[in-house]
Amino acid sequence: MTIAARRIEPRSLHHETATVAGLEPDGRYRLVPACLARRAASCLVAPADGDTVAVAVRADGRDVWILAVLDRAAADEVPTPIAVEGDVTLRARNGQVRLEGDRGVSVTSPRTVDVLAGRFGLMAADAQVAIDTVQVVGKAMVSRIDDVRHIARKVEMVADQLSQRLKRSLRRIEEVAHVRANVIDHVAEATYSVRSDHAVVTAERLVKVDGKQVHIG
C-alpha cells in the first residue's frame with residue numbers, strides 16, 4: 001500500500017482494502033500492498049493470513065488501522081476467532097444474553113469459570129461430568145431420579161439424622177460389616193430371620209428371649 005502525503009486535514013481518514021500477509025511480534029499486521037497496520041478496537045475478528053480487510057489510513061500516513069475483516073481466506077476450514085486484549089464484559093441492559101450454536105457451545109478456561117445467578121437451570125438429554133474434587137454447600141437438596149448407580153472406592157457420610165423409606169432393600173457385603181450404636185432396635189411386622197454358619201450373642205448382664213413358643217435345636 002503506497003501512502004502519499006496529502007495536503008488535507010491531518011486527522012482525516014481515507015479507506016482502502018488490503019490483504020493480510022502476516023503478524024509482526026509487536027502485534028501489527030503486514031498488509032499487501034506493503035504496509036503495517038494495527039487492529040482497531042472495534043475489529044473483534046482477529047485477521048489471519050490471506051484475509052481481505054478494510055483499512056483506514058490517516059491522511060498524514062502515520063497511522064493505519066484494520067477496521068474489519070471483509071472476507072476470510074479459510075472460512076470453511078478454521079473457526080472464526082473473536083479476540084480482544086484484556087478483560088471483556090458482554091452486557092445486555094434490560095434484556096437477555098443468549099449463546100446459541102447449531103453444533104454446540106464450548107466454554108474453555110485454563111483458570112476459573114464462575115457462574116453467579118439468582119436461579120440456575122440446567123437441562124440436557126445426556127450429561128457427563130469429570131471433576132477431580134467437588135465441594136457443594138447448600139441449605140436444601142431435592143432430587144427425583146428413576147435410577148441411581150454409585151461406583152466408588154470409599155464413601156464417608158456424616159449426618160445428625162438419616163431417614164430412609166424403602167419398599168425393598170438389598171445389601172451384599174463381601175467381607176465385613178460393622179455396626180456400632182448406643183441402642184439398636186429392630187422391628188419386623190412379619191418375620192425376622194438370621195442365618196449363619198456360626199452365631200454368637202454375648203452380653204455382659206442379660207440375654208432375654210421372650211415368645212409364646214421358643215424352639216432351640
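**View 1. Burial of Cys35 in the predicted model.** In this predicted model, Cys35 has a relative accessible area of 14%, which means that the residue counts as buried. Cys43 is also buried, with a relative accessible area of 3%.

**View 2. The sulfur atoms of Cys35 and Cys43.** The cysteine sulfur nearest to that of Cys35 belongs to Cys43, and the distance is 15 Å. Seen from Cys43, the closest cysteine sulfur is that of Cys35, and because they are 15 Å apart, the separation is too far for a bond. A disulfide would require the two sulfur atoms to lie within 2.5 Å. Cys35 is therefore in no disulfide, and a search of the whole structure finds 0 disulfides.

**View 3. The strand barrel.** The barrel is closed by 5 strands, ordered β1-β2-β3-β5-β4, with mixed pairing. On average, neighbouring strands of this sheet are turned by 55° against each other, direction ignored.

**View 4. Pairing of β4 with β5.** These two strands run antiparallel and are joined over 6 bridges. Ala54 has Ala68 of β5 as its bridge partner.

**View 5. The largest nonpolar core.** This core has 13 residues, and those touching the most other members are Leu31, Val53, Val55, Val64 and Ile66. Two or more residues each come from β1 (13-23), β2 (29-32), β3 (35-39), β4 (52-58) and β5 (64-71).

**View 6. Contacts of Leu31.** With residues up to four places away in sequence not counted, Leu31 touches Ala18, Thr19, Val20 and Ala21, together with Ala37, Val53, Val55 and Ile66. Among these contacts, Val53, Val55 and Ile66 are, with Leu31, listed as residues touching the most other core members.

Conventions:
Residues numbered from 1 in each chain as written. Predicted model: local features only at pLDDT ≥ 70, side-chain atom pairs only at ≥ 80, totals over all residues. Heavy atoms only, no water. Core = buried A, V, L, I, M, F, W, Y, C linked by side-chain atoms within 4.5 Å. Buried < 20%, exposed > 50% of the residue type's maximum accessible area, 1.4 Å probe, protein only. Helix = DSSP H or I, 4+ residues; strand = E, 2+ residues; numbered from the N terminus. Contact = heavy atoms within 4.5 Å. Pairing = 2+ DSSP bridges. Axes fitted to C-alpha atoms, helices over the stretch in contact; angles between N-to-C directions.
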